[in-house]
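Please look over the sequence and the structure below before reading on. The report then takes up the chain as a whole and some of its parts.

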Amino acid sequence: MTSGDALSPDDDLLGRLLDDAAGDAEGPAGTGGLGAGSTVAAAAGAADPHAGHEHADPHAGHAHLDPLRPTADLSVRPALPEDAPFLGSIQARTFKASLTAAVGDLPSEVADAIDPVAFGQFWAAAITSPPTPRHRVLTAVAGAQVVGFAAFAPAEVTVEVTYTIEEPDAGSGASDAERDSTAVVAEILALEVPAAHARRGHGSRLLAACADLLRDQGATRVQTWTVQDDESRTRFLSQAGFAPAGLRRVLDVGGSQVTEICWYADL
């Protein structure tokens, strides 16, 4: 990335990330799950993830049978074209927060390249002309105010997951590992709430809506990438039923290496 280049949601740590991102496999993953009535619901009392990325309390104010049904003044709905500038502003703020968690103070050329206007233009196109009906952008609102958003799509690069199968009668305690390559996998590309609206359940309502809509699409697994050093987001994913998929990728951001971890959950 050169100084002055505007970051789009397909660059660096957003969306599909850098084309030259290097991934190397780690150990086998555990089993994550976003099953209805399982850990997503249990996360209702979980702590919010981090200032700048609020994601807790998944079903508070969320109608389980209709993921887009508003409840009181807090709801999740399909994103509208007029939301795009707000989404761009939110993403710029949360992206800076995530990078700062990884590398500390950002070099000026990196901070200046995180352009909310460019982000907004990207989301305007994503809202009005999605590549497929399976590409969705959702907006969290408090009354008429946009307070967060999420986006998901079919996963272009599916991370295979290894499940550990315990043999209850095996005296040695040995277990078998089975790699699942049959899942229909979607990817959460963004799920962002700024610090000003953190700890109010907006991010968790977004996550619950994504899970419900993905099930309706026939997806059986969802994956997402997050900065390894973003402890609050990592904590949220764990509490919400995600597990590490056993894969990481290392990115160059302004001369600093940033490691991202892939997390997944079964739907």
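## Overall composition

The structure shown is a predicted model, and its protein chain comprises 6 helices and 10 strands. Of the 267 residues in the protein chain, 48% are buried, while the chain exposes about 11,700 Å², of which carbon and sulfur atoms supply 51%. Among the contacts in the chain with a separation of 6 or more, 73% are between residues 24 or more positions apart.

In soluble globular proteins, nonpolar side chains tend to be buried together. The largest nonpolar core here has 25 residues, and the members that touch the most others are Leu-138, Phe-152, Ile-188, Leu-206, Leu-207 and Phe-242. Two or more residues of this core come from each of strands E3 (136-142), E4 (145-154), E7 (185-192) and E10 (256-266), and likewise from helices H5 (202-217) and H6 (231-239). Helix H5 makes the greatest contribution to this core, with 6 residues.

Another core, of 13 residues, lies apart from the largest one, and its members include Ala-79, Ala-84, Trp-123 and Ala-151.

## Strand E10 and its partners

Strand E10 is largely enclosed by the rest of the structure, because 9 of its 11 residues are buried. Strand E8 (residues 221-227) pairs with E10 in the antiparallel sense over 7 bridges, and strand E9 (residues 243-253), which also runs antiparallel to E10, is joined to E10 by 8 bridges.

Ile-261 in E10 stands opposite Thr-226 and also opposite Arg-248. Strands E9 and E10 form a hairpin with 2 residues between the strands, in which Gly-254 takes a positive phi near 60°.

## Helix H4

Helix H4 (residues 116-128) has 13 residues and reaches 18 Å from its first C-alpha to its last, which is close to the 18 Å expected at 1.5 Å a residue.

Conventions: Residues are numbered from 1 along each chain as its sequence is written. This is a predicted model: local features need pLDDT of at least 70, side-chain atom pairs count only at pLDDT 80 or more; totals for chains, interfaces and linings use all residues. Side-chain values use heavy atoms; hydrogens and water are left out. A nonpolar core is a set of buried Ala, Val, Leu, Ile, Met, Phe, Trp, Tyr and Cys residues joined through side-chain atoms within 4.5 Å. Buried means under 20% relative accessible area, exposed over 50%, partly exposed in between (1.4 Å probe, protein chains only). Helices (H or I, at least four residues) and strands (E, at least two) are DSSP runs, numbered from the N terminus. Contact means heavy atoms within 4.5 Å. Accessible areas come from the Shrake-Rupley method with a 1.4 Å probe; for residues, only the protein chains shown count as cover. Two strands pair if DSSP finds at least two bridges between them. The expected span of a helix is 1.5 Å times one less than its number of residues.
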